Amino acid sequence: MHKTLILPALLVSMNVLAATPQELLQQYGAQAKQENAAFAGFSTDRGASFFRTERTHSDGKAVSCSTCHTPDPRNQGKTRANKVIEPLAPIANPQRFTDPAKVEKWFGRNCKDVLERACTALEKGDFIQYLVNVK
């Protein structure tokens, strides 16, 4: 019950405070520490692995983040409906990870689509850590 009281407050604070990927990382870090006291920081390598790892979906299809976003997050991707997705990497799309409400919206949708569950704060932070380090 304690987490349910803290999490909405954290999300509200994210919507008000974060304006850069680094600020989002700080806030996901605080949430990750609440989820796991042993949290020691985000990892670019874990984020890259998370982005590329194929998972077998309940419909039997292999999916990953790169299925729609392409293996190179500096490139445009396409949805299953063939709509263009702007690049994920901030180096190619400086608007990425600057609007906390959008970030949460898309993590919510895409984590359900790919993982069939919500992403953890650690997964979100690792994912962003990887993408901000793509050059």
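Q: Why is Val63 called buried?
A: In this predicted model, Val63 has a relative accessible area of 15%. Buried means under 20%, and 15% falls below that cut-off, so Val63 is buried.

Q: Where does Val63 lie, and which residues does Val63 contact beyond its neighbours within four places in sequence?
A: Val63 lies in strand 2. Leaving aside those neighbours, Val63 is in contact with Thr53, Glu54, Arg55, His57 and Val114. A contact here requires heavy atoms within 4.5 Å.

Q: What is the separation of Val63 and Leu115, in sequence and in space?
A: Along the sequence, Val63 and Leu115 are 52 residues apart. In space, their C-alpha atoms are 8.7 Å apart.

Q: What makes His57 count as buried?
A: The relative accessibility of His57 is 17%. The limit for buried is under 20%, so His57 counts as buried.

Q: Where is His57, and what does His57 touch?
A: His57 lies in the loop between strand 1 (55-56) and strand 2. Not counting residues up to four places away in sequence, His57 touches Val63, Asp113, Val114 and Glu116.

Q: Why does Lys124 count as buried?
A: Lys124 has 10% relative accessibility. Since buried means under 20%, Lys124 counts as buried. Lys is classed as charged, but the test for burial uses accessible area.

Q: Which element holds Lys124, and which residues does Lys124 touch?
A: Lys124 is found in helix 6 (residues 121-132). With residues up to four places away in sequence not counted, Lys124 touches Tyr28, Glu104, Phe107 and Cys119.

Q: Why is helix 6 described as largely enclosed by the rest of the structure?
A: Ten of its twelve residues are buried, so helix 6 is largely enclosed by the rest of the structure. The buried residues of helix 6 are Ala121, Glu123, Lys124, Gly125, Asp126, Phe127, Ile128, Tyr130, Leu131 and Val132.

Q: What covers the buried residues of helix 6?
A: The cover includes helix 2, helix 3, helix 4 and helix 5.

Q: Which residues of helix 2 are buried?
A: They are Pro21, Leu24, Leu25, Gln27, Tyr28, Gly29, Gln31 and Ala32.

Q: What makes a group of residues a nonpolar core, and how many residues has the largest one here?
A: The largest nonpolar core has 27 residues. Those with the most contacts inside this core are Tyr28, Phe97, Phe107, Phe127, Ile128 and Leu131. The elements that give two or more residues to this core are helix 2 (21-35), helix 3 (44-52), helix 5 and helix 6. Helix 6 gives the most, with six residues.

Q: Which residues does Phe97 touch, not counting residues up to four places away in sequence?
A: Phe97 touches Thr20, Pro21, Leu24, Leu88, Pro90, Val103, Phe127, Ile128 and Leu131.

Q: Why is Pro100 called buried?
A: Pro100 has a relative accessible area of 6%. The cut-off is under 20%, so Pro100 is buried. Pro100 has its place in helix 5. The C-alpha atoms of Pro100 and Pro21 are separated by 9.2 Å, although the two residues are 79 residues apart along the chain.

Q: What is the volume of the largest pocket, and which residues are closest to its centre?
A: The volume of the largest pocket is about 930 Å³. Of the 34 residues that line this pocket, the closest to its centre are His69, Ile85, Leu88, Trp106 and Asn110.

Q: Which element gives the most to the lining of the largest pocket?
A: Helix 5 gives the most, with ten residues. By class, the lining has 16 nonpolar, nine polar and nine charged residues.

Technical notes. Residues are numbered from 1 along each chain as its sequence is written. This is a predicted model: local features need pLDDT of at least 70, side-chain atom pairs count only at pLDDT 80 or more; totals for chains, interfaces and linings use all residues. Side-chain values use heavy atoms; hydrogens and water are left out. On a 1 Å grid over the protein atoms alone, a cavity is a set of points where a 1.4 Å probe fits but cannot get out, and a pocket is an open set with protein on both sides within 12 Å along at least five of seven lines; lining residues have an atom within 4 Å of a point. Grid points are joined across faces, edges and corners, and a volume is the space filled by probe spheres set on the points. Buried means under 20% relative accessible area, exposed over 50%, partly exposed in between (1.4 Å probe, protein chains only). A nonpolar core is a set of buried Ala, Val, Leu, Ile, Met, Phe, Trp, Tyr and Cys residues joined through side-chain atoms within 4.5 Å.
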